[in-house]
Amino acid sequence: MIIALWVAILILIVAVVLLLGAQIELLEQVKQMRRVFGLEDGSKPIELPEWVGRDASEAGLPELAGESWSLVLFISNTCATCHTLADGMRGGQLPEHLWVAIANVRDTGHDFQQEFALYGERIIVDESAVIMTKLGLSVTPVGLVLENGKIQRCLTIPSLHQLDIAMGVIEGQITKGVSA
Amino acid sequence: MTLFVGIAAQFVMAAILAYSSIQKAVPGGSISPVLAELGFRKSLTRPLAYSIAGAEGIAALLLVLWPLWTFTYLLILALAAAFMSTGALAIRQHKEIKCRCLGASSDSTLGWTQVAMGPAWLLGCILTYAWGRQFELETGTGLVAAIVLLIGVFRVVRVERLRRILRWDRFATAA
């Protein structure tokens, strides 16, 4: 009886492991297809010629004046990608040097900040997207790179993965003494 | 010490064979394309590929349940000889063929590694035959289940890692 039970358990485990293997195979294929068809996310630069080298406080971000470097991620309550990004930062535990600016583009009937519990000293609420409008930004999610409180460049941040990559790249540039 | 070495050899070989068998049994993980590239007839590659996967699974089971049975070692050495032959064939044909020895994601190519592994399999068999341990049927089956479960744990970790990468890299249009 016990041996029959063990055999049944073994068969079940083998079946589950085989199914997991099939799932791995499917996920690998999705990854491969995304690579082949160029569907992987990539960060693109956004031109802000009149803002490069200017103080962030002029754009309405005085909190960043004392920072050696920082990346301000602008997310809005209306874009789907921003919800994914916000979900990844749920609770407001942000990596060092990352700031989040929540732009409430229009009243959607629910509180975006409360939904993802995005509270903390490095989270800014850009009511009615005043800062974004001043900077001339019309898309989200975007990242604004600052060094010593001065605006350096701007880029799209379409996924958490790209946010991670951008943070690593900027940090590497700062460490090497190259302007961010 | 010798007993430990014997049991270690017994379980390492069983784990490798079980892992290899499961990887080859997964859809898309079969070694059928490898056999086709080596020149085997198309009608033979599929049954041969699944026979090898099945034989590996049986060998893993026998190694834990009946380590003193001569057939166990005949099967393992036959598999080792088959692996060596495929390596030798690839060398002879001067072909760079993806091995798929441990599944479709294996990056290594067929060649000297498979040939060199032959003596290692032989040594493993000698150590297990001399100092391996014969377990009760219930205990042995439980141990095989534990080996497969361990493989499953690694799979779960891999699935989770892939799922996270794909979720992070989901194509999205800024709006």
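**Notebook: chain B against chain A**

I looked up Arg158(B) and found its salt bridge to Glu28(A), with the closest N and O atoms 2.6 Å apart. The rule I used wants a side-chain nitrogen of Lys or Arg within 4 Å of a carboxyl oxygen of Asp or Glu. Across the interface of chain B and chain A that rule finds one salt bridge.

I noted that this is a predicted model, where local features need pLDDT of at least 70, side-chain atom pairs count only at pLDDT 80 or more, and totals for chains, interfaces and linings use all residues. Residues are numbered from 1 along each chain as its sequence is written, chains are lettered from A and ligands numbered from 1 in the order in which they are written, and side-chain values use heavy atoms, with hydrogens and water left out.

Next I took the whole interface. Chain B puts 33 residues into the contact and chain A puts in 36 residues; contact means heavy atoms within 4.5 Å. The buried area is about 3100 Å², with 71% from carbon and sulfur atoms. That is the accessible area (1.4 Å probe) that two parts lose on being put together, summed over both.

Then I checked α4 (residues 70-92) of chain B. Helices here are DSSP runs (H or I, at least four residues), numbered from the N terminus. Buried residues in α4(B) include Tyr73(B), Leu79(B) and Phe83(B); buried means under 20% relative accessible area (1.4 Å probe, protein chains only). Just after α4(B), I found His94(B) with a positive phi of about 55 degrees.

Terms used:
Buried < 20%, exposed > 50% of the residue type's maximum accessible area, 1.4 Å probe, protein only. Helix = DSSP H or I, 4+ residues; strand = E, 2+ residues; numbered from the N terminus.
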